[in-house]
Amino acid sequence: MSSTAIVNIATLVTNDPSLGDSPLGPVRDAAVVMDGDRIVWIGATSKAPATDNRVDAEGRAVIPGFVDSHSHLVFAGDRTEEFNARMSGRPYSAGGIRTTVAATRAASDAELEANLTRLLTEALRQGTTTLETKSGYGLTAEDEARALRLAARHTDEVTYLGAHIVAPEYADDPAGYVALVTGAMLDACAPHARWIDVFCEKGAFDGDQARAILTAGRAKGLHPRVHANQLSHGPGVQLAVELDAASADHCTHLTDPDVDALAGSRTVATLLPGAEFSTRAEWPDARRLIDAGVTVALSTDCNPGSSFTSSVPFCIALAVRDMGMTPDEALWSATAGGAAALRRTDIGRLTPGARADLVLLDAPSHVHLAYRPGVPLVGGVWRRGVRAL
């Protein structure tokens with residue numbers, strides 16, 4: 001192992017509020033020291049200790065690596081025509097998620113893993129150092145298990161989403177599919193996953209079905225997450241809080257009791273503005289949630305149908321422009337908020353003992369992530385203390 005200091009940082013975002021004048025804990029004219037895979041020191045450049053290596057930030061900003069706590073990266077195929085029709089105002093009769101299910105089932109392991117690693121590399125180039133990803137495009141015990149097995153080769157944050165939609169062959173027997181998801185499919189998938197998720201929504205799984213699925217997963221050692229209240233008001237958020245889910249994701253259509261329940265719980269509201277951008281849907285009201293005291297995360301929802309972006313900076317810009325977040329809140333939600341949604345304390349912050357995951361921006365301030373949307377501002381990425389970009 002060797003130590004590295006990054007010095008002459010205009011603003012170092014630590015996400016430790018005790019170190020600065022905001023929840024971001026900004027330290028100015030700063031240095032940060034990594035030893036092995038951990039942060040071991042932060043402070044003024046003038047006081048930086050001697051290290052094996054030294055990187056001059058030249059007045060640029062350093063932030064924690066982004067924590068993308070919601071994505072769907074194990075898939076095959078393409079849904080360009082669906083997106084084009086939607087954006088052009090034309091009807092489109094293809095099968096949505098079912099189109100991706102068919103392509104994913106037909107793909108080889110090598111094809112699925114090549115697409116997965118391509119997207120992970122794409123995300124890393126944009127500053128993402130921790131990424132959760134789900135199954136959900138196989139919908140058979142074998143295909144769901146192989147998706148999770150492939151994902152687990154590349155990230156520790158793997159989620160079983162057999163309950164994405166009812167599999168096509170069970171269209172007339174949803175109860176039979178729930179039995180499969182909570183039975184043989186769960187048995188095959190549990191060894192490869194940390195989390196279990198369910199799409200609790202009209203047209204997918206109702207509250208009772210979702211509760212049965214999440215409860216079965218919890219009995220197998222998987223912790224719940226919930227796709228909740230994306231398309232309409234429903235029971236997803238209340239169910240997430242009831243089951244102490246790590247996150248309720250989407251949270252677009254909320255009642256006052258939903259907001260109150262989130263505010264009084266450990267469940268993080270994960271907002272996914274890429275989905276609203278790509279479907280021209282109503283934006284989640286981040287301002288309402290934050291003002292109520294809800295912990296908010298911001299993630300990409302990278303998937304081939306409704307949010308085909310791997311760019312957290314793009315989602316930050318959307319959240320600031322269209323969801324009522326300040327630049328500080330959006331950055332916190334994309335780093336520390338994502339870590340909270342994964343129940344992690346070792347990532348999403350830059351303080352001694354934290355994992356050395358950080359991003360050097362080609363800008364003097366993190367505000368440029370929203371101020372200069374679409375501009376590639378990531379000038380360097382360290383993951384586990386190793387420079388990856």
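Before the helix pairs, here's how axes work: an axis is a line fitted to C-alpha atoms, for helices over the stretch in contact, and angles run from 0 to 180 degrees between N-to-C directions. Helices (H or I, at least four residues) and strands (E, at least two) are DSSP runs, numbered from the N terminus.

A word on where this comes from: it's a predicted model, where local features need pLDDT of at least 70 and side-chain atom pairs count only at pLDDT 80 or more, while totals for chains, interfaces and linings use all residues. Residues are numbered from 1 along each chain as its sequence is written, and side-chain values use heavy atoms, with hydrogens and water left out.

Take helix α3, residues 109-125, and helix α4, residues 141-152: their axes are 10 Å apart, and the helices pack at an angle of about 45°. That makes α3 oblique to α4. As for the cut-offs, under 35 degrees counts as roughly parallel, over 145 as roughly antiparallel, 65 to 115 as roughly perpendicular, and the rest as oblique.

Which residues make the contact? From α3 we have D109, L112, E113 and L116, and from α4 we have R146, R149, L150 and A151. Contact here means heavy atoms within 4.5 Å. By class, this one has 4 nonpolar, no polar and 4 charged residues. For the classes, Ala, Val, Leu, Ile, Met, Phe, Trp, Tyr, Cys and Pro count as nonpolar, Asp, Glu, Lys and Arg as charged, and the others, Gly among them, as polar.

If you wonder about the spacing in those lists, an α-helix has 3.6 residues a turn, so residues three or four places apart point the same way.

Next pair: helix α5 (residues 174-182) and helix α7 (residues 207-219). Their axes come within 9 Å and cross at roughly 15°, which makes α5 roughly parallel to α7. This crossing is right-handed too. On the α5 side, P174, V178, V181 and T182 make the contact, and on the α7 side Q209, A212, I213 and A216 do. Those residues split into 6 nonpolar, 2 polar and no charged.

While we're on α5, its buried residues are G176, Y177, V178, L180 and V181. Buried means under 20% relative accessible area, exposed means over 50%, and partly exposed is in between, with a 1.4 Å probe and protein chains only. What do the buried residues of α5 pack against? They pack against β9 (158-163), α6 (184-189) and α7.

One more pair, α12 and helix α13 (residues 327-334). Here the axes come within 9 Å and cross at roughly 140°, and α12 and α13 are therefore oblique to each other. V312, I316, A319 and V320 of α12 meet P327, A330, L331 and A334 of α13. The class count for that contact is 8 nonpolar, no polar and no charged.

Now the rings. There are 5 aromatic pairs in the structure. Rings of Phe, Tyr and Trp (its six-membered ring) pair if their centres lie within 6.5 Å; planes under 30 degrees apart count as stacked, over 60 as edge-to-face, and the rest as tilted. One of the pairs is F75 with F308, edge-to-face, at 5.9 Å centre to centre and 75° between the planes. F75 sits in the loop between β6 (66-68) and α1 (80-88), and F308 in the loop between β15 (296-298) and α12 (312-322), so the pair links distant parts of the chain, 233 residues apart. F75 is buried at 2% relative accessible area, whereas F308 is partly exposed at 45%. Ring pairs also bring in Y137, giving a cluster of F75, Y137 and F308.

Most residues other than glycine have a negative phi. N229 isn't a glycine, yet has a positive phi of about 55°. N229 lies in the loop between β12 (226-228) and α8 (236-242), and is buried at 1% relative accessibility. R384 also has a positive phi of about 55° without being a glycine; look for R384 in the loop between β17 (378-383) and β18 (386-387). Is R384 buried or partly exposed? R384 is partly exposed, with a relative accessible area of 39%.

Conventions: A crossing is left-handed if the near helix is turned anticlockwise from the far one by less than a right angle, and right-handed if clockwise.
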